[in-house]
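Reader: Could you walk me through this two-chain model?

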Amino acid sequence: MSVETRTQPSATAAQPADLIRLERVTKRFGANTVLDQLDFAVQPGKHVTLIGPSGSGKTTILRLLMTLTKPDEGIITVDGEPLFPAPEKQVREVRKKIGMVFQHFNLFPNMSVLRNLTEAPVQVLGLSKDEAEERARELLELVGLTDKCGARPAQLSGGQQQRVAIARALAMRPRVLLLDEVTSALDPELVAGVLDLLRDIARSTDITMLCVTHEMGFARDISDQVLMFDGGRVIESGSPEKIFSDPEQDRTREFLGAVL
Amino acid sequence: MKWDWHAVSDFMPHFWDGLLVTLQALALGSLLSFTLGLVWTLLMRTPTRWVRWPVGVVTEFVRNTPLLVQLFFLFYVLPEWGLTFSALSTGVFAIGLHYSTYTMQVYRAGIEAVPVGQWEAATALNLPRRRTWTAVILPQAIRRVVPALGNYVISMLKDTPMLMVITVLEMLGQARLFSQQRFQFTEPLTVIGVAFILISYLASLLLRALERRLVR
């Protein structure tokens, strides 16, 4: 079982190019500045976790990358191609490289599980129905839900729905997977299954992950880099060992003390 | 006053003719109002003000003027402009147009009730705009609005007798014609009254079955 992702063409270069770049990105909601002149880059294949108090702008970064909202200022590029500012046609192309899993799953309730997974590959990537279904069945096997092909999302538990949502995002073979508090809406006993699946995907693929989570144990396991957000800025970043064991900032220590 | 079964049996052939016309007007009027209403709703969501503004004015105007006036207008004024349709076609058009201005509001509410996460998931999967509407948003919205649309079908049924004023011989038209010839009012009016109740009841049963199927 493998989840394929294309390899980076410039991987041979000494310094791999950034896959995601945000330059001086500012985002305001009314008078409230959520992101303040943020510079931020992710290299291909890395797993980056964003932590910090709520309202610190973590989720906004994911939403900007998914083009669910637009920045007020700044430049966003993915794989060297502009995502903002960019014309709609360009956005559609760049967006193919990005997949997202939401806190509340957002599966299409009017479609079967299988159709949730085949809809976009057929409509967007132009796969035939058979190809898309084969890909979907492989992914359902990966997430352990082969028997739920024909079920409606409403017939599944929250954990199962989230696993389908992860499979749905992977069916588009994105280079980047955005994970927005994917276990926050789950009953406690269902959290482990979803996190184990994500650990598995992180280990066995070269997909780049950008993850907003309150699961610090999970963050420590999968991350190459942890970014601590506060007030719309990155106040500290480093390896998970460094951030979780020996943070430099008092604010980070305070935050970790409160959530751990 | 005496109940006359002969009057009933003499009226029945006319009743069936009238029933057929009523059901035709109802079915076609409903279809037209469902379709036009959806068209208005979608036009009201276009980014161009030059589309939204005229659609908004026209539908507001139609919703806030009486159906009866619209019937007379379409039947007597349009032919002066060289547009002639049969009385039934004119009636179906008037009912369909009038009720489309109500169904558009129902559709709008249904569309707005689809959670914003559905739009976001569609964006995240890069679904084209049109596909997002046809495969994700509308199926969910329409499922939600079936009961409300059903209520308008019953309303339309009760408005079909208005077609009488533009010479359409639906049930009430037939009953009135019969009464004027025979001076027997009780029997034909009772028959069509019962028919209205039965049609409403059957329609509501049908709708409930449809709802159950959609909600699963």
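Predicted model: local features only at pLDDT ≥ 70, side-chain atom pairs only at ≥ 80, totals over all residues.

Author: Residues are numbered from 1 along each chain as its sequence is written, and chains are lettered from A and ligands numbered from 1 in the order in which they are written.

Reader: Which element gives the largest share of the side of chain A that touches chain B?

Author: The contact (C-beta atoms, placed from the backbone, within 7 Å) takes 19 residues from chain A and 15 residues from chain B. On chain A, helix H2 (88-95), strand S6 (98-101) and helix H3 (113-123) each give two or more; helices (H or I, at least four residues) and strands (E, at least two) are DSSP runs, numbered from the N terminus. The largest share is three residues, and it comes from H3(A).

Reader: What percentage of chain B is buried?

Author: A residue is buried if 20 or more other C-beta atoms lie within 10 Å of its own, exposed if 12 or fewer, and partly exposed in between, with C-beta atoms placed from the backbone. The C-alpha trace of chain B spans about 70 × 45 × 20 Å along its principal axes. Of the 216 residues in chain B, the buried share is 34%.

Definitions and conventions. Contact = placed C-beta atoms within 7 Å.
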